[in-house]
Amino acid sequence: MTTRGVLYIHSAPRALCPHVEWAVAGVLGVRISLDWIRQPAAPGHWRSELSWQGEPGAASKLASALRGWQLLRYEVTSEPCATAEGERYSSTPALGIFHAVTGIHGDILIPEDRLRAVLLRARNEGGDLESEIAKLLGKPWDDELEPFRYAGEGAPVRWLRILQPWRSSR
């Protein structure tokens, strides 16, 4: 079973670009060379996109491989498939990493235990329910990444299919 996804590197300093390629290649198991273009929202930074096809769970492995690089802004998505829900990971230097499960139409699916925890926190600690729900939906990450997404419109997208020689193609 395979899934498809997209890796969006929204901004990376030039010196970090080869390290991003090596990390992504290590996860996907194939050599890659990303097409980097300048990121106008962050002078001195570059952006790239990569569409991929691979095993369910590849999105989480990509997000983990890129996690912790403080100057990197990225998103990784994967589509749902027969054996796994879709996923979305977003990361910014200021906020860290956000993860959400997504449905077949791209909607964020929030597990009921997380909703119950937010309701309980709002009731017991006087938290702002609207703000807590916005965090569950990834709004702070969307707000921070939106200028970088917009600046990248029209960027080329390349498809990468990961073939696994140990599996039959039948």
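Angles under 35 degrees count as roughly parallel, over 145 as roughly antiparallel, 65 to 115 as roughly perpendicular and the rest as oblique. This is a predicted model, in which local features need pLDDT of at least 70 and side-chain atom pairs pLDDT 80 or more, while totals for chains, interfaces and linings use all residues. Residues are numbered from 1 along each chain as its sequence is written, and side-chain values use heavy atoms, with hydrogens and water left out.

Q: How are H3 and H4 oriented to each other?
A: Helices (H or I, at least four residues) and strands (E, at least two) are DSSP runs numbered from the N terminus. The axes (lines fitted to C-alpha atoms, for helices over the stretch in contact, with angles from 0 to 180 degrees between N-to-C directions) of H3 (residues 112-125) and H4 (residues 129-136) come within 9 Å and cross at roughly 155°. H3 and H4 are therefore roughly antiparallel.

Q: Which residues of H4 meet H3?
A: Contact means heavy atoms within 4.5 Å. From H3, the residues taking part are Arg114, Leu115, Val118, Leu119, Arg121 and Ala122. Their partners in H4 are Leu129, Glu132, Ile133 and Leu136.

Q: Which residues of H4 are buried?
A: Buried means under 20% relative accessible area, exposed over 50%, and partly exposed in between (1.4 Å probe, protein chains only). Within H4, the buried residues are Glu132, Ala134 and Leu136.

Q: Which residue's side chain makes a polar contact with that of Arg88?
A: Arg88 sits in strand E5 (residues 86-92) and is buried, because its relative accessible area is 11%. Beyond four places in sequence, Arg88 touches residues including Glu75, Phe98, Asp142 and Arg149. A polar contact is a pair of N or O atoms within 3.5 Å; within protein, one must be able to donate a hydrogen and the other to accept it, and residues adjacent in sequence count only if both atoms are side-chain atoms. At 3.3 Å, the side-chain partner of Arg88 is Ser90.

Q: How far is a polar side-chain atom of Thr3 from the backbone oxygen of Glu79?
A: Thr3 belongs to strand E1 (residues 3-13) and counts as buried because its relative accessibility is 4%. Among its contacts beyond four places in sequence are Trp52, Pro56, Glu79 and Cys81. From the backbone oxygen of Glu79 to a polar side-chain atom of Thr3, the distance is 2.5 Å.

Q: What share of the 170 residues is buried?
A: The protein has five helices and eight strands. Of its 170 residues, the buried share is 41%.
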